[in-house]
Amino acid sequence: MNTVSDLNSLPRAQGSVPCCCPLRNAQLQRKFHTLGALGPRTRTPGRESVLLRTRHSGTALSSLAPRHVPSQHDLSRQDEQYDVPLQGEYSRPRSPPSNRAVVAAAAATRRIKSRWIQLGLENPFVSNMAGNISSPPAPAPVTAAVPRSVTRVRHAAIPPAPKPATSGTTLSDSVLLRFERDGFVVTRRLMPTDQLTSLRAACEGEVSARRLESLRHRVRVLCPGVDPASLSSEVEMREALQNHATDDLGFLQFFNLHRTSSAVCRVALGPELAAVASQLLAARRVRVYQDCLFLKEPGFAETNWHSDLRMAPLDTNDFVTAWIPLRPVRGVRGGSSSRSPPDSGLIFAAGSHRDFALPFWHNMDGRDLSDRGYAMKDTGPMEVGDVSWHHGWTLHCAAPQPVGTPPRLALTVAFFADGARLLARHSDPTVRPELLHDEDAESYASWFDQLTKGKGRDGAVAHHKLLPVVWPPEASEAGNFPL
Ligand SMILES: O=C(O)CCC(=O)C(=O)O
């Protein structure tokens, strides 16, 4: 499957239309949204790589759109983008850096500085770091960060070594590079099977207990003319979805089960996922944004193309979602046996998280992605215990769930690098609040409203007890859950 149009060949639920473009209604059009220009990054704990620098110069611009009017945006709000590379991301190498690495680091730092000067900032390294909680040491002034001699680079710029990871899987450089390039990776056999057995039982229980709540949510999202509060039974809600929905029903979703279920809490807030998230995000401190269970019943339509960050009120690029199937998923090609039917695993537009030009130059309404040249990649068959990970701006979708297959349940857990700010919807005139899709509002309303209430809180750093720190292990707030 190499092109968007190949997706037309996927089997579809009766009455549904192809899940790929051209987009077919305003709601789906609004869902399309992508951005995030991460450069290559090859860091693993305990090792260093000068390639990190390109990430910073790349994201400094990418984060401005599509949520801001770039020409008017006050760049000093983009705290997380302004790490002095050797300060924010550098891990102590096992042996001193080679001269070549040091020279390359100095050159990269100079390039970033000149970029800032072109952007008209006086001294970005100094003025923009205050309050960036995810970057522990305060940066040296620019004169120290861009030293004249190699010796001064070594002594001025290298911060104290971060603590090494104390548990969890260590991702290889090639996996990290693949994530940067494609915007997704799969980690095989990441989760212990016994955890997944109790997770599945807990999730099935939540599906029964919260079915009405979930259908009401779908009515709210898909039936703009219907008041969900006026419906009380499953029959009424299914009728509303049948007769008034602007789109086919692709899934039922259930938010934040970790707040009530200890089995979900153990997985969603546990160190196995958090260790991987911290490496993919290259973040020392990671928070959980939400978990969400997706149920696809046989005959359900496709999951439309979307980027997760479009639905999160966070002004960040450092966001990653883990997708954990609760039964083996054969994937869109039907697995190894040609006789097994396809199954609705995730499909990714590889590299779309770096497609800065798409939302910058194009009006996303009615946008046909087929000429973007994305390679369409899927996870392939996944076993219980495998986890796929996608960047917050990576465009992805899932095929319809074929009739005659068992329902497909998958738990997602979304993580972000600590220090991200809330979208400043009211106080920052350059923010385009209409671009935030409210599909997940039920998930974040409580903490978002609390955090933004009060003068000067709009655009505050996203710290809340419902956004628990899960990495590093010694700072984990997982013990506060379930509530
Ligand atoms: O499982 C699905 O069908 C959708 C999942 C999804 O969109 C996500 O993980 O962000």
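Residues are numbered from 1 along each chain as its sequence is written. Because the model is predicted, local features need pLDDT of at least 70 and side-chain atom pairs count only at pLDDT 80 or more, while totals for chains, interfaces and linings use all residues.

The protein holds 15 helices and 13 strands, taken as DSSP runs (helices H or I, at least four residues; strands E, at least two) and numbered from the N terminus. Of its 483 residues, 49% are buried; a residue is buried if 20 or more other C-beta atoms, placed from the backbone, lie within 10 Å of its own. Contacts are pairs of residues whose C-beta atoms, placed from the backbone, lie within 7 Å. Among contacts with a separation of 6 or more, 79% join residues 24 or more positions apart.

Setting aside residues up to four places away in sequence, Ala277 touches Val286, Val320, Phe415 and Trp471.

Cys292 is worth a look of its own. This residue lies in strand 3, which spans residues 286-296, and is buried because 22 other C-beta atoms lie within 10 Å. Beyond its neighbours within four places in sequence, Cys292 contacts Gln253, Phe254, Phe255, Thr412 and Ser443. Ser443 is 151 residues from Cys292 along the chain, yet their C-alpha atoms are separated by 8.7 Å.

Definitions and conventions. A residue is buried if 20 or more other C-beta atoms lie within 10 Å of its own, exposed if 12 or fewer, and partly exposed in between; C-beta atoms are placed from the backbone. Two residues are in contact if their C-beta atoms, placed from the backbone, lie within 7 Å.
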